Amino acid sequence: MRVVQVEEFGGPEVLRPATVPDPEPGPGEAVIAVAAADVMFLDTLLRSGWGEDFFPVAPTYVPGSGVGGLVAAVGADVDPSWTGVRVVADTKQDVGSREIPVGGYAERAVVAESELIPVPEALDVPHAVALLHDGPTLQSLLDAVAARTGERVLVAAAAGGAGVLLVQELTRRGFEVVAAARGDAKTGLLRSLGAAEVVDYGEDGWTDRVGTVDAVLDGAGSALGRAAFGLVVEGGRFVSYGTAGGEFASPDPDEARRRGITVVGLTDLPSLDRARRRALVEKTLVEAAAGHYRPVIGQTFALEKAADAHAAIAARAAVGKTLLVP
């Protein structure tokens with residue numbers, strides 16, 4: 001089968017197609033014929049060699065940790081009725097107390113039966129894959145921001161995979177959503193998703209146009225995130241979950257205390273064990289199938305073009321979710 005491998009740490013060019021033997025499912029495992037594979041910002045960081053103390057991956061490896069498709073084969077002790085079912089699954093493997101992504105950028109992926117999550121009939125597989133990781137993130141961020149009726153909420157980096165879901169769900173719940181992104185393509189998308197206000201933070205004076213907000217969900221980080229923090233009213237909330245700008249925003253804790261602002265970082269969000277994460281994925285798929293929100297798949301790439309997918313994400317040219325389609 002065809003795969004894409006990271007043969008050494010470096011830029012997108014280190015992602016190279018290869019051919020390896022088709023995998024066989026072991027006891028308790030299933031093989032998925034991959035129709036779509038998630039491409040995450042984390043994948044680009046790991047490929048560059050970032051985070052070796054937290055994610056012990058080493059070349060040569062097949063990156064990616066989320067796939068969807070048909071169950072093609074099952075191993076011993078697996079219910080044979082899974083065969084032919086449309087599923088999404090996480091391909092992560094446990095390493096001690098940590099998990100590393102293995103095997104998503106491939107035509108076929110082996111996962112434990114416990115990882116198989118059926119795709120509701122009203123969703124296609126690519127949209128379900130787009131929710132596999134951003135769905136639990138959405139649910140966790142909604143809990144963390146604890147928005148109250150009538151509040152004004154700023155979503156920074158709102159055109160990202162999680163951002164577009166936040167804009168849709170917060171709008172559906174009746175909050176006044178201010179969506180911030182950079183460029184006409186992204187701001188145009190956010191207007192189509194129903195945001196009450198849309199601002200381009202690539203333009204001077206964007207913070208003046210926003211004014212004050214009750215809460216911020218910051219997927220941008222860096223200077224943009226810190227600027228967004230300055231817009232939060234006294235007693236408000238600031239939730240930092242993204243590093244699109246290269247680092248988390250990390251507001252001044254003394255200023256946060258002085259202004260009574262609750263700051264929630266990514267590491268402050270409740271850790272999700274496998275059972276809880278699965279439950280949140282299932283909840284998200286059901287809600288999306290019911291029409292509450294829909295992921296935005298901004299771009300797809302052939303499997304062999306994984307390097308182009310990483311380059312698009314690094315250049316901040318990607319909108320919504322990026323998927324590989326073997």
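In which loop does Arg316 lie? Arg316 is found in the loop between helix 9 (306-314) and strand 17, where helices (H or I, at least four residues) and strands (E, at least two) are DSSP runs numbered from the N terminus. Although Arg316 is not a glycine, its phi is positive, at about 60°, and with a relative accessible area of 37% Arg316 is partly exposed; buried means under 20% relative accessible area, exposed over 50%, and partly exposed in between, with a 1.4 Å probe and protein chains only.

Before going further, a word on the model. This is a predicted model, in which local features need pLDDT of at least 70 and side-chain atom pairs count only at pLDDT 80 or more, while totals for chains, interfaces and linings use all residues. Residues are numbered from 1 along each chain as its sequence is written, and side-chain values use heavy atoms, with hydrogens and water left out. The protein chain averages a pLDDT of 91, and 96% of the residues score at least 70, pLDDT being the predictor's confidence in each residue, from 0 to 100. Over residues 94-101, however, pLDDT stays under 50, and the model has 23 contacts beyond four places in sequence for them, a contact meaning heavy atoms within 4.5 Å. Where pLDDT is low, the predicted coordinates should not be read in detail.

Let me turn to the core. The largest nonpolar core has 47 residues, of which Leu166, Val167, Leu170 and Leu217 touch the most other members; such a core is a set of buried Ala, Val, Leu, Ile, Met, Phe, Trp, Tyr and Cys residues joined through side-chain atoms within 4.5 Å. Among the elements that give two or more residues to this core are helix 2 (125-145), helix 3 (161-172) and strand 13 (213-218), and helix 2 supplies the largest share, 10 residues. Apart from this core lies another, of 35 residues, among them Val34, Val39, Val57 and Val87.

Helix 3 has 12 residues and reaches 17 Å from its first C-alpha to its last, close to the 16 Å expected at 1.5 Å a residue, the expected span being 1.5 Å times one less than the number of residues. Because 10 of its 12 residues are buried, helix 3 is largely enclosed by the rest of the structure, and what covers those buried residues includes helix 2, strand 10, strand 11, helix 4, strand 13 and strand 17 (321-325). Just after helix 3, Gly174 takes a positive phi of about 95°.

Next, the aromatic rings. The structure holds 2 aromatic pairs, where rings of Phe, Tyr and Trp (its six-membered ring) pair if their centres lie within 6.5 Å, and planes under 30 degrees apart count as stacked, over 60 as edge-to-face and the rest as tilted. The rings of Tyr201 and Trp206 have centres 5.8 Å apart and planes at 65°, so the pair is edge-to-face, and both Tyr201 and Trp206 are buried. Phe229 and Phe238 are also edge-to-face, because their ring centres are 5.4 Å apart and their planes at 90°.

Finally, a word on the backbone. A cis peptide bond, with omega of about 0°, joins Pro59 and Thr60, and Thr60 is found in the loop between helix 1 (41-47) and strand 4 (66-74).
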